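Dear colleague,

Please find below the sequence and the structure for your own work. My notes on what was found follow directly after them.

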Amino acid sequence: MNIQFNCSHRFSLDVLRDIWSTKENEEKYIKHFTGFTSIDKFTAVLNFIVPNGNRNNIMYWKSRAGKDRAIDIAKLFDSDRVSDSSDSDDDDDRLNRSSNRSHLSVEDEFLLVMMKLRMGLTNFDLAIRFSTSDATVSNILITWINLIKNRTQIADINILV
């Protein structure tokens with residue numbers, strides 16, 4: 001008899017938070033998986049790349065908006081911009097961004113990218129760990145690597161060598 005159980009667990013920062021019980025364990029796990037020395041540093045860099053974790057600041061690579069036009073980086077990160085509901089281009093961008101939302105949180109997408117960079121895991125491995133598809137992992141990686149590159153260029157910071 002072959003019995004299969006579906007596991008609803010997936011790798012995430014919440015899973016890591018559940019298993020570290022001390023500051024030393026937190027540092028050990030975060031450093032191992034991401035290279036950051038603390039969760040505070042991980043969060044600070046994430047907030048720099050995606051202010052307030054706002055997914056609307058992310059233009060996913062496979063989105064229609066991402067393919068159809070060049071991204072104006074200055075507008076992409078302008079958190080002070082007030083959207084005008086009569087501006088159909090802005091509405092179109094917002095719809096394309098939200099329709100490409102991953103089932104992963106912004107925090108977990110960043111964790112996935114940092115694990116790829118730190119540990120050199122394959123997309124297949126990351127797909128299994130985060131309970132998603134290879135294509136989604138690939139889309140997240142392309143999107144975030146470009147996002148990090150563009151964001152650090154705006155700030156004139158070179159964190160990816």
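Lys31, His32, Phe33 and Thr34 in H2 meet Leu111, Met114, Met115, Arg118 and Met119 in H7, where contact means heavy atoms within 4.5 Å. Helices (H or I, at least four residues) and strands (E, at least two) are DSSP runs, numbered from the N terminus. By class, this contact of H2 with H7 holds five nonpolar, two polar and two charged residues; Ala, Val, Leu, Ile, Met, Phe, Trp, Tyr, Cys and Pro count as nonpolar, Asp, Glu, Lys and Arg as charged, and the others, Gly among them, as polar. The axes of H2 and H7 come within 7 Å and cross at roughly 70°. Axes are lines fitted to C-alpha atoms, for helices over the stretch in contact, and angles run from 0 to 180 degrees between N-to-C directions. H2 and H7 are therefore roughly perpendicular to each other (under 35 degrees counts as roughly parallel, over 145 as roughly antiparallel, 65 to 115 as roughly perpendicular and the rest as oblique).

The model is a predicted one, in which local features need pLDDT of at least 70 and side-chain atom pairs count only at pLDDT 80 or more, while totals for chains, interfaces and linings use all residues. Residues are numbered from 1 along each chain as its sequence is written, and side-chain values use heavy atoms, with hydrogens and water left out.

Overall composition

The protein has nine helices and zero strands. Of its 161 residues, 35% count as buried; buried means under 20% relative accessible area, exposed over 50%, and partly exposed in between (1.4 Å probe, protein chains only). Among contacts between residues at least 6 apart in sequence, 64% join residues at least 24 apart.

Packing of H3

H3 also meets H7, and their axes come within 11 Å and cross at roughly 105°. H3 and H7 are therefore roughly perpendicular to each other. On the H3 side the contact is made by Phe42, Val45 and Leu46, and on the H7 side by Val106, Glu107, Phe110, Leu111 and Met114. These residues divide into seven nonpolar, no polar and one charged.

With H9, the axis of H3 comes within 9 Å and crosses at roughly 80°, so H3 and H9 are roughly perpendicular to each other. Here Leu46, Phe48 and Ile49 in H3 meet Trp144, Leu147, Ile148, Arg151 and Thr152 in H9. This contact of H3 with H9 has six nonpolar residues, one polar and one charged.

Which residues of H3 are buried? They are Ile39, Phe42, Leu46 and Ile49. Because they cover an arc of only 90° around the axis, they lie on the same side of H3; the arc is that of the directions from the helix axis to the C-beta atoms. What covers these buried residues of H3 includes H1, H2, H7 and H9.

The nonpolar core

The largest nonpolar core has 32 residues, of which Leu112 and Trp144 touch the most other members. A nonpolar core is a set of buried Ala, Val, Leu, Ile, Met, Phe, Trp, Tyr and Cys residues joined through side-chain atoms within 4.5 Å. Two or more residues of this core come from each of helix H1 (13-19), helix H2 (23-34), helix H3 (39-49), helix H7 (106-119), helix H8 (123-129) and helix H9 (134-154). H7 gives the largest share, seven residues. Leaving aside neighbours within four places in sequence, leucine 112 is in contact with Leu104, Leu126, Phe130, Val137, Ile140 and Leu141.

Individual residues

Glutamate 26 is found in helix H2 and, at 9% relative accessibility, counts as buried. Not counting residues up to four places away in sequence, glutamate 26 touches Trp20, Ser38 and Ile39.

Asparagine 57 lies in the loop between H3 and helix H4 (64-68) and is buried, with a relative accessible area of 10%. Asparagine 57 and leucine 147 are 90 residues apart in sequence, and 9.3 Å apart in space, C-alpha to C-alpha.

Asparagine 52 is also in the loop between H3 and H4. Although not a glycine, asparagine 52 has a positive phi of about 60°, and at 74% relative accessibility it counts as exposed. Serine 131, in the loop between H8 and H9, has a positive phi near 50°, likewise in a residue other than glycine. At 37% relative accessibility, serine 131 counts as partly exposed.

With kind regards
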